[in-house]
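Work through the exercises below with the structure open. Try each task before reading its solution.

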Amino acid sequence: MPAHRKPRQRSLSGQTARTAATLALASAAGATAFDGGTAHAEPGLSPAQVRAKVDRLYREAEVATDQYNGAQEDADRARKKVRSLQDEAARREAALNSERQRLGSTAAAQYRTGGIDPSLQLLLSSSPERYLDEASLTDRVGTRQAATISRVRARLRDVEQLRSQADGQISELRTKQKELARQKKTVTHKLGEARDLLDRLSPAERAAAQDPASGADRASRSGAGRTDPTADAAPGSRAAAAIAYARQALGSPYVWGATGPNAFDCSGLTQAAYRAAGVSIPRTTYAQINAGQRVSRSQLQPGDLVFFYSGISHVGLYIGNGEMIHAPNPSAPVRIAPIDQMPFAGAARVA
């Protein structure tokens, strides 16, 4: 929602950026309507029941977020394809216009001389030998003209084909944009419903429902473990760089669709960590699990991507000692957590 007064533009960093991102998420989740409005919490639910329902909503939102991210990638690819086709069509059309100009010049020259009978031109020529040489040259010019006409026709067909392909890509892009809007609506509905449930609890109940984690896990969120000497050493420099990036992100807010540097969703964090290490991996969890070598739980090494739930809807970065760094959900910032906190679904080694 636009502000009534436009503030002076300045870059955000550190705690300011994190606070702004968190407020933006809270505003989006709180203001969203879906199929007639935000759902209301069921009366009489205990904090544990609220927690279970909120967890389910967050998981459903994460699945929809992954689908949103995938649709965003598809839309970006379609948009690039449209631009590429349109640019190529413009280049081909420029070449086509050049060929047409040359044909026009040749046709004009022939029109100026074509009305004189060739035998009369020979008769009037002061040098019959020169005329015969020029006639031979004219034949060759005619052959080249025919080739030019053929090229023009081919270029015209190419341009029309490219334009047709671009129209098809534009139609596909519009479909992807509709899918984006649908997934965004689903995500914000789920987050809004979870927020509504939490808002109906007392502060103490809300804290219990949002964060039932152990003291060790809570400590990890505040920064403990950033340089844990007991953590397993990463097997390579890229994995080590990815872990270092993730450690620097501890405490950053979860914002769906975010890939850093000040906020992340789960797959956005792992993608950003490996991007910082010089490794390109896909955007979504269901694509990331197939990005590298699949490894079993018993083979885990620091730097491996670890995935959870049967639908592969959550991912974290393994750091050793049975722990990972991950972006949990909108009620919890980037943190260190045990990998047995959620149903383990698989792992992949990308570096």
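**Helices on the sheet**

Helix α7 lies across β3, β4 and β5 and runs at about 110° to β3. Contact means heavy atoms within 4.5 Å. Angles run from 0 to 180 degrees between N-to-C directions, with axes fitted to C-alpha atoms, for helices over the stretch in contact. Helices (H or I, at least four residues) and strands (E, at least two) are DSSP runs, numbered from the N terminus.

This is a predicted model, in which local features need pLDDT of at least 70 and side-chain atom pairs count only at pLDDT 80 or more, while totals for chains, interfaces and linings use all residues. Residues are numbered from 1 along each chain as its sequence is written, and side-chain values use heavy atoms, without hydrogens and water.

**Exercise 1.** Find the order of the strands in the open sheet.

*Solution.* Step 1: two strands pair if DSSP finds at least two bridges between them. Step 2: three bridges join β3 to β4 (residues 323-326), with Leu317 and Ile325 as bridge partners. Step 3: β2 and β6 are joined by four bridges, and Phe308 has Phe344 in β6 as its bridge partner. Step 4: β1 (residues 293-295) pairs with β6 (residues 344-349) over three bridges, and Arg294 stands opposite Ala348. Step 5: the order of the six strands is β1-β6-β2-β3-β4-β5, with antiparallel pairing. Step 6: β1 and β5 (335-338) each have a single partner strand, so one side of each is left without a neighbour in the sheet.

**Exercise 2.** Describe how α7 and α8 pack.

*Solution.* Step 1: their axes are 7 Å apart, at an angle of about 130°. Step 2: α7 is therefore oblique to α8, since angles under 35 degrees count as roughly parallel, over 145 as roughly antiparallel, 65 to 115 as roughly perpendicular and the rest as oblique. Step 3: the contact is made by Arg238, Ala239, Ala242 and Tyr245 of α7 with Ala272, Ala273, Tyr274 and Ala276 of α8.

**Exercise 3.** Which residues touch the most other members of the largest nonpolar core?

*Solution.* Step 1: a nonpolar core is a set of buried Ala, Val, Leu, Ile, Met, Phe, Trp, Tyr and Cys residues joined through side-chain atoms within 4.5 Å. Buried means under 20% relative accessible area (1.4 Å probe, protein chains only). Step 2: the largest core has 48 residues, and Tyr274, Leu305, Leu317, Ile325 and Val334 touch the most other members. Step 3: α2 gives the most to this core, with 10 residues.

How values were computed: Buried < 20%, exposed > 50% of the residue type's maximum accessible area, 1.4 Å probe, protein only.
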